[in-house]
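Please open the structure in your viewer and keep the selection tool at hand.

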Amino acid sequence: MDRIEIAKLLDSGRRQLRDEVVGLILTQPFWQQRFGSEIADRLTLDIESSLVALAKSVYYGSPMLFADHVRWQRNQFQMMGCSTGRIREICTCIWNASSEQFPDHTLSAVSVSIQSALDGLSYTGVAQNMGDLHVDLAEALVAATFDAHWHWQVVYGPEGRDQSLYDAWFFIDYAIDALGNGRSELMRQQLIRMRQDLTSRGLSTFHARQLVWLLDQVAETRMPAEAVAELRHVMGVALHAIDDTTESGLALLGAQERIVAEVASQLTTVGLSPHDDQTPSEVGWYLAYLADSIAAGTPEPMCSYTRWMQHWLADQGLPDTPLRHSYEALSVAVGRHLPEYAAREALSVLQVAQRLL
């Protein structure tokens with residue numbers, strides 16, 4: 001079968017193929033979670049136009065026709081807040097649906113056009129270097145988050161490592177897009193969305209920051225210094241976007257080291273820190289949720305973490321005594337180290353959380 005006949009076959013089966021592709025794409029929760037149910041109509045139109053371009057590409061024997069269309073489509077999706085990886089997924093879905101619908105002897109021409117499009121999505125320079133390490137970086141990031149701390153395991157569940165890896169891969173995908181396009185706002189906007197997603201699931205703004213810091217660490221051991229410097233610039237812009245700029249938030253940030261040191265010392269003195277080297281980190285988590293509560297104007301983030309800690313301690317067969325002493329020590333420390341207006345906000349949050357104990 002020559003390419004003209006294959007193109008006609010693609011065209012005649014376009015509607016069925018389109019619907020199958022849209023169905024495959026929507027198996028990923030991302031689309032409806034981010035855009036709502038109306039995204040199905042948008043995807044239907046976009047996939048229709050992609051299949052028209054694919055048929056033309058095969059008809060004229062010019063893979064670049066489809067590659068140009070897919071690059072244009074990436075620009076449209078990036079304006080919606082999607083990364084290049086979503087376009088790669090769409091191309092993969094087109095290939096999978098085509099493989100199911102069309103005879104094997106027609107697929108070579110389709111494969112050439114799709115592969116050309118995928119190749120055309122790659123960047124050059126630092127972004128290409130990071131892209132080459134994409135899977136390795138994602139695996140290292142998950143090892144430093146999901147594998148290393150129970151917070152991430154609670155959010156994703158005991159069988160959630162694959163989903164954690166998938167999310168880490170896409171987080172890095174935005175960094176690659178930001179580097180490849182020279183547009184730091186792509187990473188900035190994604191970190192804002194990531195913070196919203198993580199906090200809605202019970203994590204904190206600090207966890208979002210931790211993702212950035214850990215990505216910096218794993219990149220530093222795998223990428224050239226010049227490339228890491230460019231990545232740090234992009235991530236620095238992103239981090240500023242999730243800063244708490246309220247007076248009370250800034251006051252808490254400025255005093256956090258003194259507060260952590262004082263509370264950790266008191267817990268050690270009363271024998272509630274069996275691992276002294278970990279105690280400052282644990283106190284830091286209390287402050288992270290306290291900061292989120294102050295920024296949000298509601299004690300719920302702190303209360304949510306309090307309930308988490310109660311369950312965690314109970315799972316270890318322990319009472320919530322460490323929580324009680326920690327909150328008492330925190331109340332004293334914030335009163336000592338924060339200005340009156342900030343201490344008043346912090347104490348009101350801690351008092352609500354203490355009532356849960």
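The model is predicted, so local features need pLDDT of at least 70 and side-chain atom pairs count only at pLDDT 80 or more, whereas totals for chains, interfaces and linings use all residues. Residues are numbered from 1 along each chain as its sequence is written, and side-chain values use heavy atoms, with hydrogens and water left out.

**The largest pocket**

Select Thr205, Phe206, Ala288, Ala291 and Asp292, which lie nearest the centre of the largest pocket among its 32 lining residues. On a 1 Å grid over the protein atoms alone, a pocket is an open set of points with protein on both sides within 12 Å along at least five of seven lines, a cavity is a set where a 1.4 Å probe fits but cannot get out, and lining residues have an atom within 4 Å of a point. The volume of this pocket is about 860 Å³, volume being the space filled by probe spheres set on the points, which are joined across faces, edges and corners.

Next, colour helix H16 (279-296), which gives the most to this lining, with ten residues. Helices here are DSSP runs (H or I, at least four residues), numbered from the N terminus.

**The largest nonpolar core**

Select Met130, Ile259, Leu290 and Leu338, which touch the most other members of the 79-residue largest nonpolar core. Such a core is a set of buried Ala, Val, Leu, Ile, Met, Phe, Trp, Tyr and Cys residues joined through side-chain atoms within 4.5 Å; buried means under 20% relative accessible area (1.4 Å probe, protein chains only).

**Helix H8**

Which residues of helix H8 (residues 125-132) are buried? They are Val126, Ala127 and Met130. Seen down the axis of H8, these residues fall within an arc of 100 degrees, so they line one face of the helix; the arc is that of the directions from the helix axis to the C-beta atoms. Now show Leu137, Ile172 and Leu215, which are among the residues in contact with Met130 beyond its neighbours within four places in sequence. Contact means heavy atoms within 4.5 Å.

**The cavities**

There are two cavities of 30 Å³ or more. For the largest, with about 90 Å³ of space, select lining residues including Trp152, Asp167, Phe171 and Leu211. H11 supplies the largest share of this lining, four residues.

Finally, select Gln78, Gly81, Cys82, Tyr174, Leu186, Gln189 and Arg193, which line the second largest cavity, where about 30 Å³ of space lies.

Notes:
Helix = DSSP H or I, 4+ residues; strand = E, 2+ residues; numbered from the N terminus. Buried < 20%, exposed > 50% of the residue type's maximum accessible area, 1.4 Å probe, protein only.
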